[in-house]
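Student: Could you walk me through this one, a question at a time?
Tutor: Gladly, let's have a look together.

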Amino acid sequence: MNKKLSKDLSAVFTFLFPVIYIVLGLLLLVVDEINTKVFAYLLGMAAMVLGAALIIQYFLRRQYLDVHAYGFALGAFAAVIGFCIMLESDAIADSLTIVLNLCIMLTSLIKVQNAIQLRCIKSVMWIPVLVVSCIFLLCTVLIATVFEDEARDIFTYVVLICDGLASFANAIMLRIIFRLKATEGVSNAMEPV
């Protein structure tokens, strides 16, 4: 039961964050009179929810028995960062583009990790996943160094939307590939030697 609940939580967050990226990017791009302080506050709440989910997952999966599992520390870090963002929502609103750029960087690095996982299970899809993740990492560097003010904001919102779409497609692809690999493993185990 705990494993099923833990998998369900993981699936929710795997698909929820790309949707948040897409909706947030579209709202910031399309609606001119949007209050960025509200978005900073929502970002803080999302970080706290993510932190709580990581902590719950840490205990549900009994990761405390694994010396190399850092789910609790990462969850506590996310929750504290979220709390600080909510307290300093005015300051975060002024630098929302920087915060969004860091979020894009994080999901890009998650896609790099996914590429490594795909490479380890000998799936050819690791190459496009790695290329896409490197493109988004390059975009984060461009946001931080090249663009200024309004152009930076617009570029960030567009990249956020694209990253949300890519992350959503990536999550679906990973589920399909890993299910196929699991099915292959079962059928190979059933074949006579």
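**Cysteines, a buried aspartate and a helix pair**

Tutor: The structure holds zero disulfides, a disulfide being a pair of cysteine sulfur atoms within 2.5 Å. This is a predicted model, where local features need pLDDT of at least 70, side-chain atom pairs count only at pLDDT 80 or more, and totals for chains, interfaces and linings use all residues. Residues are numbered from 1 along each chain as its sequence is written, and side-chain values use heavy atoms, leaving out hydrogens and water.

Student: Which cysteine sulfur is nearest to that of C139?
Tutor: C139 is buried at 13% relative accessible area, where buried means under 20%, exposed over 50% and partly exposed in between, with a 1.4 Å probe and protein chains only. C139 is in no disulfide, and 8.0 Å away lies the nearest cysteine sulfur, that of C162.

Student: Is D163 buried or exposed?
Tutor: D163 sits in helix α7, residues 149-190 (helices are DSSP runs of H or I, at least four residues, numbered from the N terminus). Leaving aside residues up to four places away in sequence, D163 touches Y21, I104, T107, K111 and F136, with contact meaning heavy atoms within 4.5 Å. At 0% relative accessibility, D163 is buried.

Student: How are α2 and α3 oriented to each other?
Tutor: Helix α2 (residues 36-60) and helix α3 (residues 71-87) pack with axes 7 Å apart, at an angle of about 160°; axes are lines fitted to C-alpha atoms over the stretch in contact, and angles run from 0 to 180 degrees between N-to-C directions. Angles over 145 degrees count as roughly antiparallel. So α2 and α3 are roughly antiparallel.

Conventions:
Helices (H or I, at least four residues) and strands (E, at least two) are DSSP runs, numbered from the N terminus. Angles under 35 degrees count as roughly parallel, over 145 as roughly antiparallel, 65 to 115 as roughly perpendicular and the rest as oblique.
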